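Please follow this walk through the structure below, which moves from a helix to a strand and then to the aromatic side chains.

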Amino acid sequence: MSFCFNFDVPGQTTKREEGDESILQNEKKDNAAKPIEDNTRAAALLKEAKEHLPTSTLQFLLMDAVAETVTIGTLPALQFLNETVFEKTAAEREDGENILSRTAEQKSDLISGVYEGGLKVWECTYDLLELIEKDGETFGGKAVLDLGCGAGLLGILALKRGARQVHFQDYNSTVIEQLTVPNVMLNCQDEDEEDSEEDKEGSGKGKTKGGKGCKKEKDESEDGVSPPKKRAIDLSQHALLSKCRFFSGDWSTFLSLVQREDTQPKYDIIFTSETIYNTAYYPALHETLYKLLAPDGLIYLATKSHYFGVGGGLHLFEKFVEQRGIFSLDHVWDGEEGLQRHVVVLRLKKAKDN
C-alpha cells in the first residue's frame with residue numbers, strides 16, 4: 001500500500017522531486033519570513049494527555065503477532081510489531097480515535113492533528129540508533145524520555161541497556177496501547193528468552209549480533225503462532241516494564257500532566273525523532289524539552305532537512321531555537337544522500353552563555 005503525508009493544506013501537491021533544490025530554497029525563504037508563532041493557530045485543538053497502565057490484556061496482542069527484528073552492530077536486537085498487520089486488522093482492534101481506519105482510507109502516514117505517524121518507524125530513527133551504537137552509550141542509571149515515541153525503539157534500547165527509568169509519549173492513545181506497550185512487552189519477553197538461552201549454553205559463550213549496518217527480519221514460529229512460553233508469562237509484572245511509564249496526548253497537555261506530580265520528572269536523555277515537520281508545533285515542543293530536561297541532560301533530535309507540505313525542517317527549527325536562546329544545538333551526524341537527514345544534540349545553555 002502506498003502512503004503519503006496528508007497535512008490538509010489547501011492546494012498542496014502530494015509529490016515533489018527530492019532533488020528540486022529551487023523549490024526547497026524558495027519554501028525556506030517564504031517560511032523564514034513568517035514568525036513561527038503565527039502558525040500556532042493550526043495546533044489550537046489540543047489532545048488531552050493521559051497515562052496508560054500496562055495490563056495483562058495488552059499481552060494478548062502478542063499471541064499471533066508478526067514481529068520484525070532490528071539488529072544494528074553491537075546493539076541488543078530490538079523487536080517491534082509489523083506495521084502492515086495494523087492495516088489488515090484495523091477492524092478487529094480497539095481504536096477509539098479511529099486512526100487505523102482513517103489512515104487506511106486516506107492512504108496517509110500522517111493526518112495532522114488526528115494521527116501523527118506513530119504506527120510507522122521512520123528513517124531517522126535508524127540513523128539515531130546507528131549513532132548510539134557508534135558512540136557506545138549504555139544509559140546506565142539514567143532517566144530517559146522517548147518523546148513522540150511511536151514504536152518506541154529508542155526508549156526500548158535505553159531500557160535494555162540499563163536505564164533507570166524510561167517514559168514513552170506519543171500523540172495517539174491507539175499507538176501507545178496497540179503498539180508501544182506491546183513492543184516493550186515483546187522485548188521484555190525477548191530478554192527472558194535470551195537469558196534462558198545463556199543459561200543453557202553456559203556463561204562462557206557470548207551472543208551473536210548483527211554486523212555493521214541495519215538488518216530487519218520477521219520473527220515468527222513455524223506455524224505462525226507464538227510459543228506457549230510467550231503466553232504463559234504475565235509480562236505486565238516484568239521487572240523491565242516496571243521501569244516504564246506511557247503517556248498519550250499533545251505535548252502541552254503532557255507537560256501539564258507530569259508537572260502536576262509531587263516529584264516532577266527530569267530526564268538525563270530525551271530522544272525525539274522526526275517531530276519537527278510542522279512549525280506550528282515548535283513552541284509546545286520547545287517548552288516541553290526545556291521544562292523536562294535535566295540541567296546536564298542531552299536531547300537527541302533526528303530529522304530530515306525539510307518536510308514538504310507544512311514546510312518544517314531542521315533549518316527552521318534551528319532558527320527557532322536560536323531565537324529562544326535556551327539551548328545550544330550541535331550537529332553530530334549529517335547524511336549526504338537524497339533528502340538529507342541529520343542528528344543534532346541540544347543542551348541547556350549555562351548562565352554564563354546567556
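How many of the eight residues of helix H5 (residues 153-160) are buried? In this predicted model, eight of the eight are buried, so helix H5 is largely enclosed by the rest of the structure. Just after H5 comes Gly162, whose phi is positive, at about 100°.

Further along the chain lies strand E7, which spans residues 165-170 and to which Gln165 belongs. With a relative accessibility of 21%, Gln165 counts as partly exposed, because the cut-off for buried is under 20%. Although Gln165 and Cys244 are 79 residues apart in sequence, their C-alpha atoms are 5.9 Å apart in space. When neighbours within four places in sequence are left aside, Gln165 is in contact with Lys142, Ala143 and Val144, and also with Lys243 and Tyr267.

A pair of aromatic rings is described by the distance of the centres and the angle of the planes. The structure holds nine aromatic pairs, and one of them is formed by Phe168 and Phe246, whose ring centres are 5.2 Å apart and whose planes meet at 10°, so the pair is stacked. Because Phe168 lies in strand E7 and Phe246 in strand E9 (residues 244-248), this pair ties together parts that are 78 residues apart in sequence. Phe168 counts as buried at 0% relative accessibility, and Phe246, with a relative accessible area of 0%, is buried as well.

Another pair, that of Tyr277 and Tyr281, has its ring centres 6.1 Å apart and its planes at 80°, so this pair is edge-to-face. Tyr277, at 7% relative accessibility, counts as buried, and Tyr281 is likewise buried, with a relative accessible area of 12%. Both tyrosines belong to a cluster in which ring pairs link Trp251, Tyr277, Tyr281 and Tyr307.

Technical notes:
Residues are numbered from 1 along each chain as its sequence is written. This is a predicted model: local features need pLDDT of at least 70, side-chain atom pairs count only at pLDDT 80 or more; totals for chains, interfaces and linings use all residues. Side-chain values use heavy atoms; hydrogens and water are left out. Rings of Phe, Tyr and Trp (its six-membered ring) pair if their centres lie within 6.5 Å; planes under 30 degrees apart count as stacked, over 60 as edge-to-face and the rest as tilted. Helices (H or I, at least four residues) and strands (E, at least two) are DSSP runs, numbered from the N terminus. Buried means under 20% relative accessible area, exposed over 50%, partly exposed in between (1.4 Å probe, protein chains only). Contact means heavy atoms within 4.5 Å.
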